[in-house]
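Hi everyone, thanks for coming.

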Amino acid sequence: MFSSDEDNEFELEAEELMMSNFSEGSKLVGGSPTIKPTVSHSVNSKRIASVSFEENTDSENENTVYTYPLKPKMKNTYHVPITVTSTVYVWLLTFFAAIGGFLFGYDTGVISGAMLLLRDKFSLSSFWQELIVSVTIAAAVVSALAGGFLNDWFGRKVVTILASFVFTAGAVVLACSSNVAMLVVGRLILGLGIGFASMTIPVYIAECAPAHLRGRLVTVNTLFITGGQFIASVLDGGFSYIKPDGWRYMLGLAGVPSLIQFCGFFFLPESPRWLMRKGRESEAHTILQRLRGTSNVDDELKEIKNTLQLESLNGDGNTMLRILRTPAVRRALIVGCGLQLFQQLTGINTVMYYSATIIKMSGVSDQQTAIWLAAVTAGINFIFTIVGVWLVERIGRKKLVMGSLIGVTGSLILLAVTFQLVALMSPSNVPYHSNTTCSSYRSCDSCVDNSQCGYCYTGSGSSVNGSCLATSSKDTGHSDYGPCENATSLIGHTWASDYCPTSYSWMAILGLILYLMFFAPGMGPMPWTINSEIYPIWARSTGNSLSAATNWIANLLVSMTFLTLTETLTKYGTYWLFVGIAILGLMFFGICLPETKGRKLEDIEDLFSQPWSLHWRSSRSRYTSLKSSSSSS
């Protein structure tokens with residue numbers, strides 16, 4: 001060893017270096033790390049500084065001691081080698097896996113604009129519109145539930161390849177559809193692929209990612225979902241000018257990215273944690289080395305192995321019964337399913353599936369304008385999901401969820417107030433024939449709520465005059481009689497079958513934009529991110545399968561009933577319902593949701609062993625700076 005003076009100087013340098021390396025943006029996991037700078041000889045007697053610290057895990061296990069050598073940057077200064085972090089390879093893996101998220105998002109976004117063209121092409125009623133949207137979701141429920149079993153038996157890689165193949169087949173059927181039945185079948189096939197991907201991709205990414213990047217990488221999947229929605233909306237806008245078959249291109253192009261994922265996944269590895277569970281330790285070791293960019297993965301592999309051995313001692317019976325009998329995992333499942341439930345019941349997919357329709361409801365008359373405005377809202381959703389990727393490892397999951405949901409609640413209140421104003425200030429109906437059902441309505445708003453009626457009007461702003469007339473059974477773009485009966489008589493008049501002229505359209509568009517600005521960083525990605533990390537490995541496939549199925553069931557419920565709800569509860573009544581659900585969600589997350597930021601997958605189960613009441617208190621950050629820790633020691 002060196003002299004004591006030299007050692008002291010070296011220790012001070014090492015400690016200062018650790019303060020800078022582990023600054024506010026990259027704090028260590030653990031409650032109160034203990035720093036121990038040391039000096040040692042390396043090969044060829046070159047002096048090497050290193051740092052050790054203890055990670056307190058809040059469990060009964062012994063603390064883990066880590067030691068990192070500090071390599072020189074300049075004279076008397078050192079840095080931690082970057083080989084202890086991740087590699088480009090894990091980002092490449094995430095990119096190809098997240099194509100599944102892109103496909104999920106593309107389907108969600110594309111149907112919004114395509115539905116306006118499909119409705120005119122096939123004269124679709126509200127029932128058929130809801131069925132075409134919802135059959136995909138129903139199929140996704142089934143495949144998400146089946147995906148848990150398939151993931152356990154065949155692995156994450158095989159199920160992802162299967163999902164991309166099925167999605168490609170569905171896209172081909174949709175592009176070639178010649179009737180409503182083929183549309184329904186194609187959407188059903190598409191749903192099977194989406195269901196497999198939605199529960200497999202987050203688990204696959206989480207199991208391959210290092211702990212310090214896991215939240216960010218899983219959130220990338222959601223970024224791809226919103227990116228898919230945005231690109232789909234842009235394509236909707238472009239292809240909306242191709243009449244009458246622009247919808248074929250909108251729906252069929254989804255097969256291109258799914259084909260890329262299908263081919264690319266043959267060259268990607270299986271999840272190392274799944275391989276360890278199947279006893280393929282050598283293969284898992286090799287893959288983990290590639291994912292971490294270092295040959296020193298023995299400790300991580302040993303930790304995974306010890307966790308699996310401990311779990312095997314608790315029995316290998318029915319996984320679902322075991323989940324229900326294990327209090328910590330049962331609580332995790334309640335939280336995971338609750339996250340997915342409230343994500344959907346606060347109305348996100350009514351915004352995504354029906355954004356163009358909602359914009360038209362608010363008073364935008366031109367179809368192409370409505371589609372392009374829907375593309376703008378999808379773009380905002382994509383941009384603010386990037387904010388979520390940036391924030392997830394900085395402020396944590398719980399704060400992101402709570403802040404997001406508060407903003408969503410305020411946006412829903414604005415939408416509810418907007419549609420209430422549209423209804424209250426709706427132009428009156430001047431009866432054209434007094435003996436018809438349509439003529440009995442008092443205003444435009446109540447008139448267009450009936451899919452068999454429309455509003456034929458002249459003027460704009462506060463000087464609108466019009467009549468509620470029956471919609472033509474042959475062409476929904478005209479009335480069955482009166483001044484809007486055909487293109488010739490329509491001169492000087494405007495036919496509105498699904499909206500009312502109003503000066504409050506800007507409020508509805510603002511409400512949609514604010515909704516997505518708040519939803520995208522938190523309530524969009526966090527249910528998937530948190531679900532990918534809160535279950536032990538024996539319950540991970542089943543837990544994610546059940547939570548994904550909960551998402552799709554709630555999605556199905558909302559999408560199948562949205563148009564019907566707007567006709568029965570009124571548009572503003574529907575959004576007030578969403579407001580009430582969002583407030584319940586805030587209460588649930590405040591009480592039940594713990595913070596999982598920075599925890600290893602093998603340690604998160606401990607969080608759910610604590611009483612619910614502990615999570616209601618303000619969560620202390622587990623990321624304490626080394627400087628404050630060292631000064632207190």
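In which helix is D236 found? D236 sits in helix α6 (residues 214-239); helices here are DSSP runs of H or I with at least four residues, strands are runs of E with at least two, and both are numbered from the N terminus.

A quick word on the source: this is a predicted model, where local features need pLDDT of at least 70, side-chain atom pairs count only at pLDDT 80 or more, and totals for chains, interfaces and linings use all residues. Residues are numbered from 1 along each chain as its sequence is written, and side-chain values use heavy atoms, leaving out hydrogens and water.

Now, the cysteines. The whole structure has 4 disulfides, meaning pairs of cysteine sulfur atoms within 2.5 Å. One of them joins C438 to C453, S to S 2.0 Å. The torsion about that S-S bond is about -85°, so the disulfide is left-handed.

Another joins C447 to C468. Here the torsion is about 85°, so this disulfide is right-handed. C447 belongs to helix α18 and C468 to strand β6, 21 residues apart. C447 is buried, with a relative accessible area of 0%; buried means under 20% relative accessible area, exposed over 50%, and partly exposed in between, with a 1.4 Å probe and protein chains only.

What about strand β6 (residues 465-470)? In β6, 5 of the 6 residues are buried, so the strand is largely enclosed by the rest of the structure. C468 in β6 is also the bridge partner of Y455.

Terms used: Pairing = 2+ DSSP bridges.
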